[in-house]
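Trainee: I have a model open on my screen and would like to learn how to read it. Could you walk me through it?

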Amino acid sequence: MSDSSWTRVPAVTGRDLVPGLLRSLDPLLRRWLPRQRWFAGKGLPIGDFRLAAATELVPPGGRLGPLGLLHVLVDVEQPGRPPDCYQLLLGAHPLLPSALVRAALGPAVGGPYDGLTLYDAPHDPRMAALLLERLKLPGTSGGLRFTTEPTAEFPPGLTPRVSTAEQSNTSVVYGDRYILKLFRRVSPGANPDLELSRALARAGSQRVAEPVAWFEALDTDGDPDRDTGGATTGGREPTTLGVLQRFLPGSADGWALALASVAEDGDFRAEAAALGRATAEVHQALAAALPVHRLDGRALERIAAAMTRRLEEAAAEVPAVRPFAGALRLAFDDLAKLGAGTGSDGVVTAQRVHGDLHLGQTLRGPDGAWVLIDFEGEPARPLAERRRPAPPVQDVAGMLRSFDYAAHHSGNGPWAARHRDAYCAGYAGVAGLDPREQPVLIRAFETDKAVYEARYEARHRPAWLPIPLSALARLSTTP
Ligand SMILES: Nc1ncnc2c1ncn2[C@@H]1O[C@H](COP(=O)(O)OP(=O)(O)O)[C@@H](O)[C@H]1O
Ligand SMILES: O=P(O)(O)O[C@H]1O[C@H](CO)[C@@H](O[C@H]2O[C@H](CO)[C@@H](O)[C@H](O)[C@H]2O)[C@H](O)[C@H]1O
């Protein structure tokens with residue numbers, strides 16, 4: 001179903017939206033993009049921009065201001081990396097209200113787009129409300145397709161507010177009912193956050209915030225006349241752009257709870273064990289819903305080779321990693337040998353996993369039950385890699401790293417060991433397989449994760465770099 005009453009693209013009341021928009025955006029984006037947490041190419045010069053798609057979302061009742069919500073996909077070229085496609089949601093105003101000044105892409109007055117100032121629309125409650133209205137209605141607007149679960153209910157008065165959490169994407173919370181995650185760096189294909197949370201919700205898992213609506217780009221040329229009727233265009237899968245999920249009011253995230261426990265040298269072991277059980281339940285549900293493979297020797301060698309390559313890249317980028325690199329490589333060599341039957345870790349299977357599990361991806365509701373969020377995988381990895389089945393121990397290793405992070409963040413190392421053990425015991429109680437009995441796998445995946453973290457911290461939070469470095473030092477001496 002195409003709902004053309006919701007769209008104006010590319011011509012807006014005589015103004016040619018697309019060329020004018022790119023001309024205006026170019027100088028603004030050069031300054032604004034590198035300052036965004038979600039911008040992947042920090043530190044590299046910005047080359048050309050290409051406007052991949054532009055859609056103006058206008059409600060059937062007409063615009064509230066000079067323009068509706070401008071939905072833009074822009075390709076950014078930077079030396080040394082393939083072009084990245086970013087999702088921008090823009091509002092335009094002749095004179096920004098003071099509450100929106102911090103969301104402006106450039107100077108808040110005398111904007112370059114026909115005298116309008118462009119700003120980051122999720123911060124504007126009216127624009128965020130407009131997006132929710134659009135999400136309620138399944139159908140297409142230009143190159144965008146909106147899907148709504150038939151069971152979704154939208155009570156009136158869901159006041160939007162943009163989340164202030166430190167994030168890889170941008171989220172808007174509507175009342176205490178829903179949260180909309182807007183992916184910022186996007187690639188063609190289903191985002192695993194949507195794919196896996198839908199699979200878990202369909203399987204009846206209580207460990208997920210179920211999605212109720214989402215939207216995708218069907219094509220990147222923004223051709224409004226092409227209604228694909230929901231089919232993929234040009235053989236490409238649609239690009240997931242945003243997911244509206246159940247919001248868990250009154251929940252606390254595992255990272256904040258763990259930090260509080262570390263600070264008072266508290267006992268968080270019952271919660272760590274519950275998190276282990278929740279992880280195992282999610283793994284079982286994903287294994288039942290989606291394909292599972294047995295990994296042969298060649299597959300394990302390939303995984304080990306990819307880990308070694310990532311270690312080499314990290315050592316090239318982060319000098320502090322270099323002293324440990326030789327010893328760390330042995331962990332990956334041992335993984336490669338598992339396939340030759342010389343290891344003791346047993347049969348290794350691969351299935352869909354969370355992919356970036358850490359304490360900050362867990363929420364404990366007021367009833368004490370744990371839910372896992374953000375099944376997107378590591379944002380820096382290519383989408384195809386994030387969607388690939390992997391040994392479930394990858395997630396276990398991610399959580400073990402997180403207990404270590406919490407402890408070292410507050411200088412209480414012994415806290416980590418106790419809580420890592422409790423987590424593994426909880427996991428084993430449900431999975432029937434204790435990760436501590438898979439030492440080669442655990443060490444390789446923990447090393448790989450700490451290597452990823454060293455690059456992540458060097459890029460985003462240099463003051464935190466000592467945390468993964470101390471793990472790399474430990475892992476380089478553990479046999
Ligand atoms: N369903 C939810 N209910 C309540 N809070 C949530 C929910 N999903 C996410 N959050 C909050 O938003 C934050 C960021 O969410 P996340 O999915 O991790 O985004 P990102 O991928 O951008 O890092 C979380 O740390 C959590 O505090
Ligand atoms: O939650 P995101 O998808 O944005 O994940 C990225 O950011 C995380 C930090 O916010 C980062 O996690 C690392 O720091 C956490 C503490 O802040 C710690 O608990 C994790 O164990 C550690 O990996 C994550 O790696 C990154 O992908």
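Mentor: Let's go through the chain as a whole, then its domains, ligands, strands, a helix and some backbone angles. This is a predicted model, in which local features need pLDDT of at least 70 and side-chain atom pairs count only at pLDDT 80 or more, while totals for chains, interfaces and linings use all residues. Residues are numbered from 1 along each chain as its sequence is written, and chains are lettered from A and ligands numbered from 1 in the order in which they are written.

Trainee: How many helices and strands does the protein chain have?

Mentor: Helices (H or I, at least four residues) and strands (E, at least two) are DSSP runs, numbered from the N terminus. In the protein chain these come to 12 helices and 20 strands.

Trainee: What share of the residues is buried?

Mentor: A residue is buried if 20 or more other C-beta atoms lie within 10 Å of its own, exposed if 12 or fewer, and partly exposed in between, with C-beta atoms placed from the backbone. Of the 479 residues in the protein chain, buried ones make up 46%.

Trainee: Which domains are assigned?

Mentor: Domain bounds come from an automatic or database domain assignment. Here that assignment gives domain 1 (4-246) and domain 2 (252-477). Taken over C-alpha atoms, their centres are 32 Å apart. The contact between them takes 18 residues from domain 1 and 25 residues from domain 2, where two residues are in contact if their C-beta atoms, placed from the backbone, lie within 7 Å.

Trainee: Where does ligand 1 lie relative to these domains?

Mentor: Ligand 1 lies between domain 1 and domain 2, because both give residues to its shell. A residue is near a molecule or strand if its C-beta atom, placed from the backbone, lies within 6 Å of it. For ligand 1, 21 residues surround it, and the closest are Gln167, Asn169, Ala209, Leu248 and Asp374. Strand 12 (178-182) and strand 15 (239-246) each supply at least two residues of that shell.

Trainee: How does its shell divide by class?

Mentor: Ala, Val, Leu, Ile, Met, Phe, Trp, Tyr, Cys and Pro count as nonpolar, Asp, Glu, Lys and Arg as charged, and the others, Gly among them, as polar. The shell around ligand 1 has seven nonpolar, nine polar and five charged residues.

Trainee: And which residues are closest to ligand 2?

Mentor: Ser168, His358, Arg401, Ser402 and Tyr405 are the closest of the 15 residues around ligand 2. Helix 9 (393-409) gives the largest share of this shell, three residues, and helix 11 (439-460) also supplies at least two. By class, the shell around ligand 2 has five nonpolar, four polar and six charged residues.

Trainee: Now the strands. Which residues of strand 7 are buried on each side?

Mentor: In a regular strand the side chains alternate between the two faces of the sheet. In strand 7 (residues 117-120), Thr117 and Tyr119 are buried on one side, and Leu118 and Asp120 on the other. Two strands pair if DSSP finds at least two bridges between them. Strand 6 (residues 81-93) pairs with strand 7 in the antiparallel sense over four bridges, with Ala92 opposite Leu118.

Trainee: Is strand 11 largely enclosed or open?

Mentor: Strand 11 (residues 170-174) is largely enclosed by the rest of the structure, because four of its five residues are buried. Strand 10 (residues 160-162) pairs with strand 11 in the antiparallel sense over three bridges, and Pro160 stands opposite Tyr174. Strand 11 is also joined to strand 12 by five bridges, again antiparallel, and Ser171 has Lys181 as its bridge partner there.

Trainee: Which residues of helix 12 are buried?

Mentor: An α-helix has 3.6 residues a turn, so residues three or four places apart point the same way. In helix 12 (residues 466-477), the buried residues are Ile467, Pro468, Leu469, Ala471, Leu472 and Leu475.

Trainee: What about the phi of Asp374?

Mentor: Most residues other than glycine have a negative phi, and most peptide bonds are trans. Asp374 has a positive phi of about 60°; it sits in the loop between strand 20 (370-372) and helix 8 (383-386). Asp374 counts as buried because it has 24 C-beta neighbours inside 10 Å. Asp265 has a positive phi of about 50°, but counts as exposed because it has 10 such neighbours.

Methods. The expected span of a helix is 1.5 Å times one less than its number of residues.
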